[in-house]
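This report describes selected residues and a nonpolar core in one protein model. Please view the sequence and the structure before reading on.

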Amino acid sequence: MKLSKYLKFLTLLILAILVGACSDDDPVPMPTGMEDSFTLSALNNSGVSGSVKIEEADQGGSIITLMLNGTSSGNSHPAHVHFNTAAEGGDIAISLTPVDGATGMSETYVTTLDDGTSISYEELIVFDGYVNIHLSAEDLATVVAQGDIGVNELTGESESYALYEKDVDGVSGTFMLERRANGTALATVMLSGTQSGDMHPGHIHDDNAATGGAIAISLNAVDGATGVSKTSIEMKDDGTAITYDELLNYDGYVNIHNSMSDLGTLVAQGDIGQNELTGQSKSYDLMEKAVAGISGTFTISERVNGEALAVVSLMGTSDGNMHPGHIHNNSAAESGGIAYTFNPVDGATGMSVNNIAMLDDGTAITYTQLLDFNGYVNIHNSASDLATLVAQGDIGSNELTGESYSYDLGSVAVATIDGTVTFRQRKDGTALAVVELNGTSAGNAHPGHIHDNAAIESGGIAVTLNDVDGATGVGMTSIRMKDDGTAITYEELLNYNGYINIHNSVSDLGTLIAQGDIGSNELTGNTISYDLEERDQQGTSGTIEFMERKDGTTLIKIQLQNTISTDSHPGHIHANSAAEGGAILFTFNNVDGATGMSMTNMRTLDDDSAISYSDIATFDGYVNIHKSANDLATLVAQGDIGANAN
């Protein structure tokens, strides 16, 4: 009975307590289910991080819950909501319940700011503020965790740009823009290679780094100990508002300086916004010219805005020298006026950095258009010695594709001079023709031409070549059209019915020093030879050789021994075999008695019927070589060919 009475009393007591609680004038606020959370990141190598959750309370106001990892039992961490962004800093707006180190938790019911101003849940989740978690009440200066809240929350959208090493070795990094919920940006500079104790001022400048421009936005200084700087960007230094999206398209670049007292020394630099490089680039070789050992490259890189970063990089230059440079119109072999002027190449670095948005005459030009520009680059020795070129190279449509074809140029009047002509394909389909001769002499200049037909046939001049320099043995000509204005391509030259003559001098065009067939007249290497036997002139015999050309026609070479130097011997191909005899089908060029040689190109028979090299092996014919035009009855040599040969 006593136990029963005691339990009944205890039940009534609990009910009374519950009823009392339910009738309290200040009921415990409960979450409605509406909430938002924000990240708290570790600071000062604390290892403490977590989140802050803001929940709507059913009694009005908000419940702010701090949830941290990395705290320790026995510690108590003061916490506050501050005005502004963490990057800007600001006064305390709301004092929060300290975080219990044992649980990492803190909960605060908030209806007003510390100054008594009411603040609702709707206002708090868009508040312009941030949260600081401090080490202790005795060390408020040390923040162990921090995070932006409300409109300052980072959305996760970001864009990073490279900051390249400049005047201080080993310092480089990145410049990152992060979008806030309110559309503004958090800018973070992160450098490696900085030193503790140093503070590096930074700015966003107008224009690109190659062009240079005024300061647009001042950044918080980079702390050398961490290499980090954070700046909340809502407006430019002149008060003009600017958003994250506008920064991504801004015409600007970032400079990070050595110190406030040494702004002239840059530790890092990089283009941003529309000046960012897309990753598309193209390099062209700059070949050594008048100064031995100097060569390099010309590289253009595409920017987001379509403009081009142009960098000349040379090896072999010397400190103290400055080398002017230009893009010229046309190819280097043709030469042309200046289209664009570079910043001079610094001999100490071998570098020149430029932004190309327009030519010197004001014509706009893009990266894509530069890739097809009809131009070349000249780098000069100095402003006072522009005539001396240190490096040169074709660019754009004049770039060589790597496709080329060479033809031999044989000796003619000067036994020691021979060489080659090489046609090199350009990007635009035209050709660079390079004549390279052995045995020429300094001080001489040798004119050259492409002629129509084969060399043995001769023909009119089709293309005039630039002179071969006797000192180098080289002549270079850009071929876009024939002398009559007819366009001609690299591919057409490889099939052109022509030959090349190189002359002794402009005053001695009659003396040929080198000659060679090109294009369709090139010999394939396929040949058929037949013996020519002695007949009425004792000791005279030889061979006839049929050589296939690329176009299927035939070069015929007759070579006789023991001819008389004053003689000239007519020759023919006759129908049938020599034993049968037959009519003349084809007439050769006369055999020169001095050399015993005759060269004839055969495209048709004398009656204009076509005949190809492939017809020779089965041809029903024979060859007669006569004593002279006045003595055709006397044969000096004879032989069956084709189907009649043994």
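## Polar contacts and a nonpolar core

The side chains of D517 and R549 form a polar contact at 3.1 Å; such a contact is a pair of N or O atoms within 3.5 Å, where, within protein, one must be able to donate a hydrogen and the other to accept it, and residues adjacent in sequence count only if both atoms are side-chain atoms. The model is predicted, with local features requiring pLDDT of at least 70 and side-chain atom pairs pLDDT 80 or more, while totals for chains, interfaces and linings use all residues. Residues are numbered from 1 along each chain, and side-chain values use heavy atoms, without hydrogens and water.

D517 belongs to strand β34 (residues 508–519), and T231 to strand β14 (residues 228–233); strands are DSSP runs of E with at least two residues, helices runs of H or I with at least four, numbered from the N terminus. T231 is buried, at 6% relative accessible area, where buried means under 20% (1.4 Å probe, protein chains only).

Both side chains also reach a backbone nitrogen, as tabulated here.

| Side chain | Backbone nitrogen | Distance |
|---|---|---|
| T231 | N220 | 2.8 Å |
| D517 | A455 | 2.7 Å |

The largest nonpolar core has 26 residues, and F298, L314, I327, F342, I356 and I379 touch the most other members. Strand β19 (308–315) is among the elements giving two or more residues to this core, and β19 gives the most, with four. A nonpolar core is a set of buried Ala, Val, Leu, Ile, Met, Phe, Trp, Tyr and Cys residues joined through side-chain atoms within 4.5 Å.

Technical notes. Buried < 20%, exposed > 50% of the residue type's maximum accessible area, 1.4 Å probe, protein only.
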